[in-house]
Amino acid sequence: MPESLRGDGETATITAFMSDHVRERHMVEIRSLAFGLLMVPVLGLAACSGGDSNSAAGSAGSGAKSQRPSPVLPSFRGKTLDAVSSELQRSWPAYTSAFRALPDGHLFDGESYSGTWVVCTQVEDPQGKKVELGFLPPQVSCPPDGRVTTWPVVPNFVGKTGTDAKQAALRLGFPLVSSGPIVTEGYDDSSHLERTVCTQDPPAGQSMRQHYGTTLSLRVADSKGSCAP
């Protein structure tokens, strides 16, 4: 209908309807904008909370993996028991030390033969100020992991002179060699080591693992060269 043909009442009604429509559309836009503005802090808070929780979890995880304290003592590997003992007493008197024989786990306690044994393993507790050293006789090379799988065996000394047998036994790891004639002849026989070995204890073929630090006992022939008792 042309504008010129509309009455005043109809025109006013149309105008009011259009005003209400525009006002309602504006209200919708305002509500949407307000909702969006309210959500921004909430999302930001959630993001911050998530970050804090991840950070706390990370901190807890890193705290759980506590690092071992660094060693204080230098490496003693390759040094003899006598040398290490003196060095510990001189430079680290607060440390408690344990010297263990790797062949059988025996803890050394002043044995005379142990002074030449060599450090192969070293375990230190810096907080407790303790150190345990594992030793092998100098005749046995230190393996990388401190575990020896192959040991020398006791040689057969029978038939050798007592002198040769004693020298070989000392080199092998027997700290002491006792010897005597197979028959006691009732007189001073200081030259018996020049005679032939008749028997030995321990016998040939046994693992030296059982005999480091022990005594090799030899019985040699009588003055006539006989091994018969």
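Trainee: Which residue does Cys 120 form a disulfide with, and how far apart are their sulfur atoms?
Mentor: Bear in mind that this is a predicted model. Cys 120 bonds to Cys 142. Their sulfur atoms sit 1.7 Å apart. The cut-off is 2.5 Å, so the pair counts as a disulfide.

Trainee: Where do Cys 120 and Cys 142 lie?
Mentor: Cys 120 is in strand 2, residues 118-125. Cys 142 is in the loop between strand 3 (130-136) and helix 3 (162-172). The link therefore ties together parts that are 22 residues apart in sequence.

Trainee: Is Cys 120 buried or exposed?
Mentor: Buried, because its relative accessibility is 7% and the cut-off for buried is under 20%.

Trainee: And what about Cys 142?
Mentor: Cys 142 is partly exposed, at 38% relative accessibility.

Trainee: What is the handedness of the link between Cys 120 and Cys 142?
Mentor: Left-handed, with -70° about the S-S bond.

Trainee: How many disulfides are there in the count?
Mentor: Two. Cys 198 and Cys 227 also form one, with their sulfur atoms 1.8 Å apart.

Trainee: Where does that one sit, with Cys 198 and Cys 227?
Mentor: Cys 198 lies in strand 5, residues 197-201. Cys 227 is in the segment after strand 6 (215-220). So this pair ties together parts that are 29 residues apart in sequence.

Trainee: What is the handedness of the link of Cys 198 and Cys 227?
Mentor: Left-handed, with -80° about the S-S bond.

Trainee: Cys 198: buried or exposed?
Mentor: Cys 198 is buried, at 12% relative accessibility. Cys 227 is partly exposed, with a relative accessible area of 35%.

Trainee: What pattern do the disulfides follow along the chain?
Mentor: 1-2, 3-4, counting the bonded cysteines along the chain.

Trainee: What holds strands of a sheet together as pairs?
Mentor: Backbone hydrogen bonds, in either a parallel or an antiparallel arrangement.

Trainee: In which sense do strand 2 and strand 3 pair?
Mentor: Antiparallel, over seven bridges.

Trainee: Which residue in strand 3 stands opposite Val 118?
Mentor: Leu 136. Strand 2, remember, also holds Cys 120.

Key. Residues numbered from 1 in each chain as written. Predicted model: local features only at pLDDT ≥ 70, side-chain atom pairs only at ≥ 80, totals over all residues. Heavy atoms only, no water. Helix = DSSP H or I, 4+ residues; strand = E, 2+ residues; numbered from the N terminus. Buried < 20%, exposed > 50% of the residue type's maximum accessible area, 1.4 Å probe, protein only. Pairing = 2+ DSSP bridges.
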